[in-house]
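Please look through the sequence and the structure below before reading on. The notes that follow are meant to be read slowly, with the model in view.

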Amino acid sequence: MNKCVERLKNGIITENPTFVMMLGMCPTLAVTASAGNGLGMGLTTTAVLVLSNAIISLLRKIIPDKVRMPAYIVIVASLVTIVQFMLQAYLPALNKSLGIYIPLIVVNCIILGRAEAYASKNDVVSSVFDGIGMGIGFTIGLTLIGIFRELLGAGKVFGVDIMPKAFEPISIFVMAPGAFFVLAGLTAVQNRLKLKGASNTSDAECSGNCASCKISDCGYDKKESVNEEKGE
Amino acid sequence: MKTLLVILIGSALVNNVVLSQFLGICPFLGVSKKTSTAAGMGAAVIFVITLSSLITSALYAFILKPLDLTYLNTIVFILVIAALVQLVEMILKKYSPALYKSLGVYLPLITTNCAVLGVALLNVQNGYLDKGSVAIGIIKSVANGFATALGFTIAIVIMAGIRERIEYNDIPQSFKGTPIVLITAGLMAIAFIGFSGII
């Protein structure tokens, strides 16, 4: 039981995927124009993450080591397709506003990263809790950024007017550039407070895919990181 | 011809893949420290996305659609892209060592670049393959893929150029590293909004 609580805390605080690991930046920037979208994307990713962690953990002794990456990709892609069907059926409005970013959950670093780093080595129960923790951490990250952007850009939070009438919405914040500015502000605050994070450990930026991320210990094999160093 | 031009300008500049669609953010932030590296990455991305647009749209038009399996497109596309990148790497290594030397190091980084899968899915979503002749649909998809990748290259090369200059500037301590890069990206995104009146 203790281990499960530890996994939850790890996902939400210690290794928070958005603020500490800086993984899954594409959806983080793309769908956070409103808090509701951020929350929806976070929960969708959580659902996929929990299921994929559970299935990969169950199959960890069956999947041969050499083909594990393609196997994981197939599992995750199938789950994403199922989740997409569910959204189309029950939450068509959310499905429409998230659009292409739902199928793109397949290439979200967090999911393959957790599969490789945790679920493939641990039992089902703790993998599920790892997925829940990471998913909640990601959801909190997206919702917070969404709240910031919606508040500054439209004066609302979750579609409810919050700001006084005199407040003139700064609409740039709900447009594309606002995503970069809000994230820049948040990482700068993180740097200022000297919090542990991917942005202030030198050279730890994700360089193209999770495989070469030094911060997440997911990855195909060492070959790629060697390649990458040669390229620099 | 006119539609192709609209697709080219629309995907490369107006709906820039990085700055307005947020696909491929990771390489955009990670491999943009030097202009030469950024250009190499851009070239590799153009190569892979153009090729994958051709193959995925052909697969969609000739196999998935006739068999009514279009709902499987995410699974099929990601597997095809992963295999394609590996294959391209092997072929280049064997037959064109010079090209492999300049592009090879970037190829493994592209597999999970979400722009590649994103473009393949957008080609389908834009409905290029739904009406009219299949050949024209595939040509449109390839044009869209090429233009998107070109947009990525434009963005990442400009970004690298700016970052080389930023190196020598006095940046507030807390903004060093990722934050200043994100601010730069935001300013670039504002500049690219200027293109939105073109079409």
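The model is predicted, and each value given here was computed from it. Chain A holds 9 helices and 2 strands, and 47 of its residues are in contact with 48 residues of chain B.

**The fold of chain A**

- Read along the sequence, the elements of chain A follow the order α-α-α-α-α-α-α-β-β-α-α, in which 9 helices and 2 strands can be counted.
- Chain A has 232 residues, and 56% of them count as buried, while the chain exposes about 10,200 Å², with 67% of that area supplied by carbon and sulfur atoms.
- When the contacts in chain A with a separation of 6 or more are considered, 70% of them are accounted for by residues 24 or more positions apart.

**Salt bridges**

- Side chains of opposite charge can pair when their charged atoms come close.
- Over all chains, a search of the whole structure finds 6 salt bridges.
- One of the salt bridges joins D130(A) to R7(A), with the closest N and O atoms 2.8 Å apart; because D130(A) lies in helix α7 (residues 124-154) of chain A and R7(A) in helix α1 (residues 2-14) of chain A, the pair ties together parts that are 123 residues apart in sequence.
- Is this pair buried or exposed? Both D130(A) and R7(A) are buried, and these two residues also belong to a network of salt bridges that links them with E6(A), E15(A) and R114(A).
- R68(A) forms a salt bridge with D65(A), where the closest N and O atoms are 3.8 Å apart, and R68(A) also forms one with E116(A), where the corresponding value is 2.8 Å.
- Since R68(A) lies in helix α4 of chain A and E116(A) in helix α6 (residues 109-119) of chain A, the pair ties together parts that are 48 residues apart in sequence.
- R68(A) itself counts as buried, because its relative accessibility of 17% is under the cut-off of 20%.

**A closer look at L186(A)**

- L186(A) has its place in helix α8 of chain A, and, not counting residues up to four places away in sequence, L186(A) touches F19(A), I145(A) and F148(A).
- From C-alpha to C-alpha, L186(A) and I145(A) are 8.7 Å apart in space, although 41 residues apart in sequence.
- Why does L186(A) count as partly exposed? Its relative accessibility is 22%, so the value falls between the 20% limit for buried residues and the 50% limit for exposed ones.

**The interface of chain A and chain B**

- The size of an interface is often given as the accessible area lost when the parts come together.
- Between them, chain A and chain B bury about 4,200 Å², and 73% of this area is on carbon and sulfur atoms.
- Across this interface the rule finds 0 salt bridges, while 3 residue pairs, both residues at pLDDT 80 or more, are in polar contact between chain A and chain B.
- On the side of chain A that touches chain B, at least two residues each come from α2 (25-30), α4 (68-90), α8 (176-192) and α9 (222-231) of chain A, and α8(A) gives the most, with 11 residues.
- By class, this side of chain A has 29 nonpolar, 12 polar and 6 charged residues.

Note on methods:
Residues are numbered from 1 along each chain as its sequence is written. Chains are lettered from A and ligands numbered from 1 in the order in which they are written. Side-chain values use heavy atoms; hydrogens and water are left out. Contact means heavy atoms within 4.5 Å. Buried area is the accessible area (1.4 Å probe) that two parts lose on being put together, summed over both. A salt bridge is a side-chain nitrogen of Lys or Arg within 4 Å of a carboxyl oxygen of Asp or Glu. A polar contact is a pair of N or O atoms within 3.5 Å; within protein, one must be able to donate a hydrogen and the other to accept it, and residues adjacent in sequence count only if both atoms are side-chain atoms. Helices (H or I, at least four residues) and strands (E, at least two) are DSSP runs, numbered from the N terminus. Ala, Val, Leu, Ile, Met, Phe, Trp, Tyr, Cys and Pro count as nonpolar, Asp, Glu, Lys and Arg as charged, and the others, Gly among them, as polar. Buried means under 20% relative accessible area, exposed over 50%, partly exposed in between (1.4 Å probe, protein chains only). Accessible areas come from the Shrake-Rupley method with a 1.4 Å probe; for residues, only the protein chains shown count as cover.
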